Amino acid sequence: MFDLIIRGNLVLENEVMYGEIGVQAGKIAEIAQPGKLKSLNMQDFGDCFVFPGMIDAHVHCFSNPHEGFAATSESAAVGGLTTILDMPYDLAAPITNLARFQQKVERLEKEALIDIGLWATIAKSGGTQQIGLLADAGAVAFKMSTFETDPHRFPEIADSEIMKAMTLISQTGLRAAFHAENNEMIKQLTESYIQQGRLDPLAHMETRPPVTETSAVLKLLEFAYWTGVKLHIVHVSHPRTIDLAMIYKQMQVDVTTETCYPYLLMDAYDLERFGPKAKNNPPLRLPEDVVGLWDHQLQDHIDLITSDHAPWGSDKKEVGNTNIFEAASGMPGVEILVPLMFEWAVVKGGISPVVLGKWLSQHPAEVFQIQGKGKITVGNDADFTVIDQDQSWIIDEQAFKSHSKLSPFHGREVQGKVIQTIVRGTTVYDGFEVKVKPGFGRFVAGAAVKKGAYQ
Ligand SMILES: [Zn+2]
């Protein structure tokens, strides 16, 4: 007798199989042909796809302090995510030391509705001595930037500090991830555009040409070569970045890459059309670059797709209507990442659900060494994202559970709907409402966590 049986089109590691999953104590206990397993509790999803629980490795719960874990994780649950990894660039205090990390874990355990892992970062100078402590405390990975978004919250880290950090991070076995843009070039170009009075949306794209991303990435690849650190490049916007990563992979650099749904679904003309709502860093690229990124994604050269959920309030975006440089960068995404990518890849692209499951679940789990998640296999957590491919729905930004109610995807009809989100055998979202209370979600400790740190 199992606690629960889930029946449907199971998206396994190498095939889609119509069958059943027996769940016991929150774990996958058996996978079988339909009708074989016994339980008083059966969830029959017919021919809907039962994916391994989707994981969004790039989420900012606290860049807007009004958002927090509760709103983001509720939004994520509705969007079919069972685990998110939260970025460290919190307002007002980024996660640069052990005390802040521990406080954040405590808060997570009170507020989370789904499972959450936490990124850490380092202070602009002298921050590297916290790396070992943060790894011991269960940071899932380290994020740094070569671009100065904010001198305190999201600083540019100097090359010598990056080299020090990479050496220390390589000793933890965790991954060092980077926001890779060339600070000096972008600052200079932005200044000259402002002087010329070019404050329109496309000025944002033109002041961050592809070379500002690829040159920063090339430097980091070379640093990773010499330090041996596992490198991850977040939010890749241009196909040439992937070309460079592939060259360095051949030189045994352990580099993984990620793109985000806006880079696959929009281009620079959407930035022109939507203005600040479609402003992100790096910016949306030209249509031919988007096609180049598709080619890499479809050939499985890009490890994972994330949302880069940035829950800005409308005030932070509206200031950009007259001057694009004033608008905050980023957009909300945890609620629409999975359905939009399902539609793009499976419904329109003819890609197997198995492949989508790798981009949105298996690869993020592997890249960030998350134990017990990422695959429908016996012994793993019973985390599932159920999608009905026959239902369509319309994105309504006002209905987002996030505090950020602005999206360039507002009003778009999407084929394929998340009808259930299940975390450790419990229905977190039933297709209509969220069914668990804050605190149900658990802290997902990183692979270098010290034994006994959380008991
Ligand atoms: Zn981000």
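How many salt bridges does the structure hold? The structure holds 26 salt bridges; a salt bridge here is a side-chain nitrogen of Lys or Arg within 4 Å of a carboxyl oxygen of Asp or Glu.

The model is predicted: local features need pLDDT of at least 70, side-chain atom pairs count only at pLDDT 80 or more, and totals for chains, interfaces and linings use all residues. Residues are numbered from 1 along each chain as its sequence is written, and side-chain values use heavy atoms, with hydrogens and water left out.

**View 1**
The zinc ion has H58 (NE2), H60 (NE2) and D308 (OD) as protein donors, at 2.0 to 2.2 Å. Donors are N, O and S atoms within 2.8 Å of the metal (3.2 Å for Na, K and Ca); water is not among the atoms, so sites may look incomplete. Along the chain the donors follow the spacing H-x1-H-x247-D. H58 is buried, at 0% relative accessible area. H60 is also buried, at 7%. Buried means under 20% relative accessible area, exposed over 50%, and partly exposed in between (1.4 Å probe, protein chains only).

**View 1. Salt bridge R175–D254.**
The closest N and O atoms of R175 and D254 are 3.0 Å apart in this salt bridge. R175 lies in strand β9 (residues 175–179) and D254 in the loop between α8 and β11, so the pair ties together parts 79 residues apart in sequence. Helices (H or I, at least four residues) and strands (E, at least two) are DSSP runs, numbered from the N terminus. R175 is buried, with a relative accessible area of 6%. D254 is partly exposed, at 34%.

**View 2. Salt bridge E213–R285.**
E213 and R285 form a salt bridge, with their closest N and O atoms 4.0 Å apart. Helix α7 (residues 210–227) holds E213, and the loop between α10 and α11 holds R285, so parts 72 residues apart in sequence are tied together. E213 and R285 are both buried.

E343 and K348 meet through their side chains in a salt bridge (3.7 Å, N to O). Which of the two is buried, and which exposed? E343 is buried, at 6% relative accessible area. K348 is exposed, at 62%. Elsewhere, salt bridges that share partners join K27, D115, K373, D381, D383 and R424 into one network.

**View 3. Aromatic pair F51–F342.**
The count comes to 12 aromatic pairs. Rings of Phe, Tyr and Trp (its six-membered ring) pair if their centres lie within 6.5 Å; planes under 30 degrees apart count as stacked, over 60 as edge-to-face and the rest as tilted. The ring centres of F51 and F342 are 6.1 Å apart and the planes stand at 90°, so this pair is edge-to-face. F51 belongs to strand β4 (residues 42–52) and F342 to helix α13 (residues 337–348), so the contact ties together parts 291 residues apart in sequence. Both F51 and F342 are buried. Ring pairs link F49, F51 and F342 into a cluster.

**View 4. A nonpolar surface patch.**
Y225, W226, I247 and M251 make a nonpolar surface patch of about 450 Å². Patches consist of residues with over 30% relative accessible area and no salt bridge; like charges are joined within 9 Å, nonpolar side chains (Val, Leu, Ile, Met, Phe, Trp, Tyr) within 5 Å. Accessible areas come from the Shrake-Rupley method with a 1.4 Å probe; for residues, only the protein chains shown count as cover. M251 sits in the loop between α8 (239–250) and β11 (255–260). M251 is partly exposed, at 37% relative accessible area.

**View 5. Cis peptide bonds.**
The L91 to A92 peptide bond is cis, with omega near 5°. A92 is in the loop between β6 (81–86) and α2 (98–111). The bond from N281 to P282 is also cis, with omega near -10°. P282 is in the loop between α10 (268–274) and α11 (287–298).

D300 is not a glycine, yet its phi is positive, about 65°. D300 lies in the loop between α11 and β12 (304–306) and is partly exposed, at 39% relative accessible area. R424, also not a glycine, has a positive phi of about 50°. The loop between β14 (413–423) and β15 (426–429) holds R424. R424 is buried, at 12% relative accessibility.
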